[in-house]
Amino acid sequence: MPHSRSTAGSVAGSLARAPAAAAGRGAVARTGLGALLALAMAAPAAAETVYVSNEKDNTISVIDAAKLEVVNTIKVGRRPRGITLSGDGKSLYVCVGDDNRIDVIDLQSQQVVDRLPSGPDPELFVLHPEGRLLYVANEDDNMVSVVDTQAKRIVTEIQVGVEPEGMGISPDGKVLVNTSETTNMAHFIDTASNEITDNVLVDSRPRVARFTPDGRHVWVSAEIGGTVSVIDVATRQITKKIEFEVRGLRREAIQPVDVRFTKDGKRAFVALGPANRVAEIDPATLEVKKYHLVGQRVWNLALSGDETRLYTTNGVSNDVSVIDLEKDRVIKSLGVGGAPWGVIVKS
Amino acid sequence: MSGRGRVLGILALGLLLALPAQGQQGAGAGAGGTQSSAAGDAQTIRVGYLATREEPRVPLSFLNPEIEDDGVQGARLGIADNASTGRFLKQRFELVEVVVPPGTSPADGLRQLAQEGVRLVVSDLRRDALLEVAGLPEAREITLFNARAKDDDLRNAECRPNVLHTVPSRRMLADALGQYLVWKKWTDWRLIVGPAPGDQLFAEAVRRSAKRFGARIVQDDPWTFEIGNRRVDTGHVTVQSAIPTATQGRDYQILVVADEEDGFGEYLPYRTWLPRPVAGTQGLVPTAWSRVHEQWGATQLQSRFERQAGRWMTERDYAVWMAVRAVGEAATRTRSADPAQLAAFIRSPDFGLAAFKGQALTFREWDGQLRQPVLVTAPRMLVSVSPQDGFLHQTSTLDTLGDDRPESGCRNR
């Protein structure tokens with residue numbers, strides 16, 4: 001396994017905070033105590049790696065999920081924000097907005113090996129479920145660029161509202177939703193024709209659009225409006241606006257950004273920016289169940305493969321909070337680079 | 001467009017048909033529009049822009065341009081931004097620009113706007129002109145957005161029920177600077193005050209901030225030196241010898257200058273008798289907007305503005321832009337073109353303006369001032385944004401800047 005180079009020291013160091021599991025006991029005789037502990041901790045998040053884009057440092061932090069340590073730092077272009085895995089899972093695409101392109105990192109060699117065109121100032125993007133087309137929000141250009149990752153060219157551009165930001169795609173790949181921060185719309189785009197079919201007004205400064213795993217709803221967070229709009233994909237109507245209330249916090253400090261669902265669609269998580277909280281929502285009732293206190297200005301979220309952990313990027317405190325979803329508490333704050341922004345888990 | 005798109009269109013049309021009176025506000029509303037062709041399928045929201053033609057201010061530094069279209073470019077961008085949402089909601093935004101020539105009263109400009117049926121007007125006027133137009137009988141039905149005059153009396157004794165303020169007051173600016181200096185523990189200030197009326201008022205606001213936040217004004221002097229024309233061969237020799245003399249005196253930690261006309265303040269940095277930094281109207285400047293600001297998505301507004309205007313966005317442009325955007329936001333949220341309904345919504349607790357300051361901005365109900373974070377800027381870099389951590393407030397920390405409810409002298413609303 002890739003974690004075999006861990007030293008006894010680092011293993012011992014992370015032992016205290018690790019949610020120890022009882023796997024791999026039979027290996028004692030062969031591998032020694034240090035390796036046993038490494039194995040034991042690796043069990044729940046076996047061989048998982050977490051990638052974090054650092055907006056200020058122009059780097060990607062590589063976190064070993066078993067040890068919860070930064071094991072590598074990859075240099076990329078300027079102002080890396082949105083990150084996502086390629087269709088084959090072998091590469092990582094990184095929006096480097098100030099260089100107006102997408103960097104392609106080979107996960108084997110952990111280096112930037114290629115670049116893709118993106119249109120100006122790419123911030124967020126989403127990969128079509130078939131793995132070939134990448135839909136990129138060009139924040140400074142009122143466009144969504146459709147990038148063919150194999151031909152390495154922009155296939156077409158779709159005119160949207162002012163300051164396009166969030167990008168969500170339905171599980172069947174037929175519907176794309178883009179949000180525009182100043183126009184305050186969720187634009188529904190038919191991926192067959194690449195044309196806008198509907199525009200749904202949401203609250204101020206919409207950020208992220210995320211489809212529920214069943215594809216029936218799309219959730220759109222509004223950073224300044226302080227809400228998450230739940231839009232019925234069939235009718236294109238807002239069925240509910242989820243509001244948040246944290247005791248002791250001013251309303252304007254609650255700024256929803258990223259939204260994530262578990263694969264079964266039974267749990268939803270919303271990052272609340274300078275409220276320094278992640279809200280957990282029951283998608284059945286659309287009620288907030290609890291708030292997890294994390295680092296400062298929490299931007300984006302990623303679930304571990306087995307969905308026992310949630311990783312959050314905290315842009316002001318320069319760290320990643322690791323929430324144990326079984327224990328329901330933060331088990332670690334992990335220092336990464338400057339202004340961490342995007343996060344993704346590779347199983 | 002798909003079937004759903006058409007449904008949306010028909011719905012908007014239905015709304016319009018249901019509210020025919022709202023499209024016909026005021027006398028000339030129907031005829032006044034220049035492009036009333038495709039009428040019937042869209043709401044039209046008209047926003048007035050009222051200014052007087054002035055000679056551009058000549059900045060002391062040659063690096064700063066003389067700007068001929070200060071303010072109005074913010075209005076044009078605001079309309080364009082409003083239209084970006086409007087085109088999806090079948091709302092059309094129209095800017096009615098009235099720039100009054102010299103020798104003509106701004107009151108005539110307002111009357112013209114009123115005659116054309118405009119009920120929401122951005123005032124890019126100075127204090128006296130604003131008070132004059134706000135008091136006109138024709139202005140009674142009009143909501144004026146003050147985007148220019150920073151005078152504190154407009155938010156207190158001279159406040160008017162039909163005026164909202166998007167530009168921060170001098171007290172808000174002074175408090176923003178004061179909080180930062182106190183956070184920095186630079187609490188011994190030396191004040192140098194220029195001769196212009198605005199300089200006196202800014203100095204007054206600085207003295208008030210010192211008292212509020214626990215700083216000391218160790219010396220408080222008027223500026224009495226004659227500096228003369230900015231373009232003089234070997235002029236630096238005079239300045240180099242004059243400024244140290246002018247700034248001798250007691251020790252202090254930072255020199256705060258009040259020079260709104262940009263007549264001499266730029267000469268102070270690096271020339272003071274003691275090696276001390278300069279803040280106020282020059283040096284470290286509190287302002288609603290600056291090119292150095294690119295946080296909270298401001299990059300996009302800066303570059304949008306530069307593409308349109310071919311120059312940097314000023315504080316005045318920004319205050320005008322905010323006023324026009326406030327109207328757009330209200331039209332978006334209410335789906336209405338009725339000026340009275342828009343004005344009521346803007347004043348309601350449901351209103352919030354996204355203006356690239358990291359939080360929703362709202363109007364204070366006691367004086368009509370837009371609450372807003374204030375940038376603390378050096379000439380080439382953003383230094384901070386106030387309110388500062390540690391300056392607390394029971395409802396909104398933004399109300400630690402300027403006149404809070406209990407302090408307000410506005411009894412007119």
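**Close-up views of a predicted model**

**View 1. Chain A as a whole.** Among the contacts in chain A between residues at least 6 apart in sequence, 41% join residues at least 24 apart. Please keep in mind throughout these views that the model is predicted. Chain A is built with two helices and 28 strands. It has 347 residues, of which 62% count as buried. The accessible surface of chain A comes to about 13100 Å², and carbon and sulfur atoms account for 47% of that surface.

View 2. Strand β1 of chain B, residues 43-52, pairs with β3(B) in the parallel sense over four bridges. Strand β4 of chain B, residues 143-146, also pairs with β3(B) in the parallel sense, over four bridges. Val122(B) is a handy residue to start from: it is the bridge partner of Tyr49(B), and in β4(B) its own bridge partner is Phe145(B). To get from β3(B) to β4(B), the chain passes through helix α5, residues 127-134 of chain B, in a β-α-β crossover that is right-handed.

**View 3. The disulfide of Cys159(B) and Cys410(B).** A search of the whole structure finds one disulfide over all chains. This disulfide joins Cys159(B) to Cys410(B), with an S to S distance of 2.0 Å. The link is right-handed, with 90° about the S-S bond. Cys159(B) sits in the loop between β4 and β5 of chain B and Cys410(B) in the segment after β14, so the pair ties together parts that are 251 residues apart in sequence. Both cysteines, Cys159(B) and Cys410(B), are buried.

View 4. Ala288(B) belongs to the loop between β10 (285-287) and α9 (298-309) of chain B. Although it is in a loop, Ala288(B) is buried, with a relative accessible area of 0%. Leaving aside neighbours within four places in sequence, its contacts include Pro168(B), Leu173(B), Tyr318(B) and Leu375(B). Val376(B) is 88 residues from Ala288(B) in sequence, and their C-alpha atoms are 8.8 Å apart in space.

Key: Residues numbered from 1 in each chain as written. Chains lettered and ligands numbered in written order. Predicted model: local features only at pLDDT ≥ 70, side-chain atom pairs only at ≥ 80, totals over all residues. Heavy atoms only, no water. Buried < 20%, exposed > 50% of the residue type's maximum accessible area, 1.4 Å probe, protein only. Contact = heavy atoms within 4.5 Å. Areas by Shrake-Rupley, 256 points an atom, 1.4 Å probe, with all protein chains shown as cover. Pairing = 2+ DSSP bridges. Right-handed = clockwise from strand over helix to strand, strands pointing away. Disulfide = S-S within 2.5 Å.
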